[in-house]
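Please keep the sequence and the structure in view while reading.

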Amino acid sequence: MLIRNEALVWETFKGGDWDAYQAIYNNYYKLLNNYGYKFTRDKSLIEDAVHDLFVKIWVNRNTLGTPISLKNYLYKSLRGIIVRKLQKQSKYTGIDEEPPFFFEVSFEDQLVTGEEEAGLKEKMKSVIQTLPQRQQEIIYLRFYEGFSYTEIVEIMDINISSVYKLLYKAVGNLSVLLKMPKIIVFLILLRGL
């Protein structure tokens, strides 16, 4: 079921409507799993995190506010759950404080027409994977998920100035690595390559 009016579905869900809850689940389950896969390759951890998120919003539906963007709200919430789970694991395994971020576009995004675009896309993907994890994440959120700067602020829990700086630095690093002017890199990213 495609959600056409998120605000209406959200309010209906908050009123206890199970069909609205299922609509939200069906609409975002795959997207959230795909986003979770950017942080870890542990599929069971991702599925647990997505499950925890949906249980949490159902249990707390009466106290939830009305988000400007449901997608943004769900991504931010899932990110927080995954970060906490990874931090909990790190106590036992000693991984870095900053959660990893694996830049990879979905299969549908990988479909491109023409060999030249495919080559450029592959090159862009491999170069993006060399960036620091937070730079990979901001590029993914901005150019592959289409989040606004203010939505990225909420998801990554940083201020707007940091979003601009981080994105500028990521594009600058890509420019150096690809040996292309920043404006060309920016335009390539806008095309979703």
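A nonpolar core is a set of buried Ala, Val, Leu, Ile, Met, Phe, Trp, Tyr and Cys residues joined through side-chain atoms within 4.5 Å. In this predicted model, the largest such core has 54 residues, and those with the most contacts inside it are Ile-24, Ile-139, Leu-174 and Leu-189. In soluble globular proteins, nonpolar side chains tend to be buried together.

Apart from its neighbours within four places in sequence, Leu-174 is in contact with Met-124, Val-127, Ile-128, Leu-131, Ile-139, Lys-179, Val-185 and Leu-189. Two of these partners, Ile-139 and Leu-189, are themselves listed with Leu-174 among the core residues with the most contacts.

The protein contains ten helices and zero strands. Of its 193 residues, 42% count as buried. Among contacts between residues at least 6 apart in sequence, 67% join residues at least 24 apart.

Helix α3 covers residues 43–59, and its 17 residues should span 24 Å at 1.5 Å a residue; because the end C-alpha atoms are 24 Å apart, the model agrees with this expectation. The buried residues of α3 are Leu-45, Ile-46, Ala-49, Val-50, Leu-53, Phe-54 and Ile-57.

Ile-183, Ile-184, Leu-187 and Leu-190 make a nonpolar surface patch of about 370 Å². Of these residues, Leu-190 is found in helix α10, which covers residues 182–190.

Key:
Residues numbered from 1 in each chain as written. Predicted model: local features only at pLDDT ≥ 70, side-chain atom pairs only at ≥ 80, totals over all residues. Heavy atoms only, no water. Helix = DSSP H or I, 4+ residues; strand = E, 2+ residues; numbered from the N terminus. Expected span 1.5 Å × (residues − 1). Buried < 20%, exposed > 50% of the residue type's maximum accessible area, 1.4 Å probe, protein only. Patch = residues over 30% accessible without salt bridge, like charges linked within 9 Å, V, L, I, M, F, W, Y side chains within 5 Å. Areas by Shrake-Rupley, 256 points an atom, 1.4 Å probe, with all protein chains shown as cover. Salt bridge = Lys/Arg side-chain N within 4 Å of Asp/Glu carboxyl O. Contact = heavy atoms within 4.5 Å.
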